[in-house]
Amino acid sequence: MKKLFTIAAAALVLFTSACKKDDSKKEEETPGTSTWTLDGNTYTTKYNDHDGSTSSGSAFYFFWDAIPANESVKFHSINFDFASAPTTSGTYQLVSVGDAPTGKQFTLSAGYGSIAEAGTPTGDSYGYVYLGTPIDVTVTVTGGKISVVIPEISVKSSLGGADVKLKASIKEI
């Protein structure tokens with residue numbers, strides 16, 4: 001069961017971090033205003049997008065440190081899966097990726113890979129997921145765009161590696 005969960009989590013991380021997005025929505029941001037630190041390395045958002053309502057009703061938000069020029073280019077990502085797209089500022093709960101988020105809850109994954117690797121990591125690709133107890137997180141909604149501040153947390157490797165620390169101050173651009 002644990003192996004099945006690990007495989008499912010790895011697929012989720014790579015799928016959410018490597019989904020093909022509509023290039024017409026590309027935006028760049030001033031460095032330093034939307035960052036996350038994973039295992040001591042800090043990344044700055046260069047591209048983000050979201051699917052405000054998936055077929056399951058959830059809302060996926062993707063933040064990448066590069067604008068992929070093609071499906072083979074690798075990039076770092078942090079991803080949020082909200083039960084539904086936040087429309088108001090307030091306290092939300094970060095829950096384990098093993099739980100289905102409801103109400104004002106969301107899950108988190110982060111990783112490194114390419115669009116071409118979606119679901120099948122190769123080489124130096126990796127992924128991490130939050131599997132801890134629920135924690136309160138402040139989400140701010142301004143002009144329809146979200147800002148999320150994640151305190152330092154431990155995230156688990158979806159490929160069997162060691163746990164690492166993650167913290168973030170993310171803004172939709």
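Are Phe80 and Phe106 buried or exposed? Phe80 is buried, and Phe106 is too. Buried means under 20% relative accessible area, exposed over 50%, partly exposed in between (1.4 Å probe, protein chains only).

1. Basis. This is a predicted model: local features need pLDDT of at least 70, side-chain atom pairs count only at pLDDT 80 or more, and totals for chains, interfaces and linings use all residues. Residues are numbered from 1 along each chain as its sequence is written, and side-chain values use heavy atoms, with hydrogens and water left out.

2. Main core. The largest nonpolar core has 28 residues. Such a core is a set of buried Ala, Val, Leu, Ile, Met, Phe, Trp, Tyr and Cys residues joined through side-chain atoms within 4.5 Å. Those with the most contacts inside it are Ile78, Phe80, Phe82, Leu108 and Ile150. Strand E10 gives the most to this core, five residues. Strands (E, at least two residues) are DSSP runs, numbered from the N terminus.

3. Aromatic pairs. The whole structure holds twelve. Rings of Phe, Tyr and Trp (its six-membered ring) pair if their centres lie within 6.5 Å; planes under 30 degrees apart count as stacked, over 60 as edge-to-face and the rest as tilted. Phe80 and Phe106 pair edge-to-face, at 5.6 Å centre to centre and 90° between the planes. Phe80 lies in strand E5 and Phe106 in strand E7, so the pair ties together parts 26 residues apart in sequence.

4. Ring cluster. Ring pairs link Tyr61, Phe63, Phe80, Phe82, Tyr92 and Phe106.

Note on methods: Helix = DSSP H or I, 4+ residues; strand = E, 2+ residues; numbered from the N terminus.
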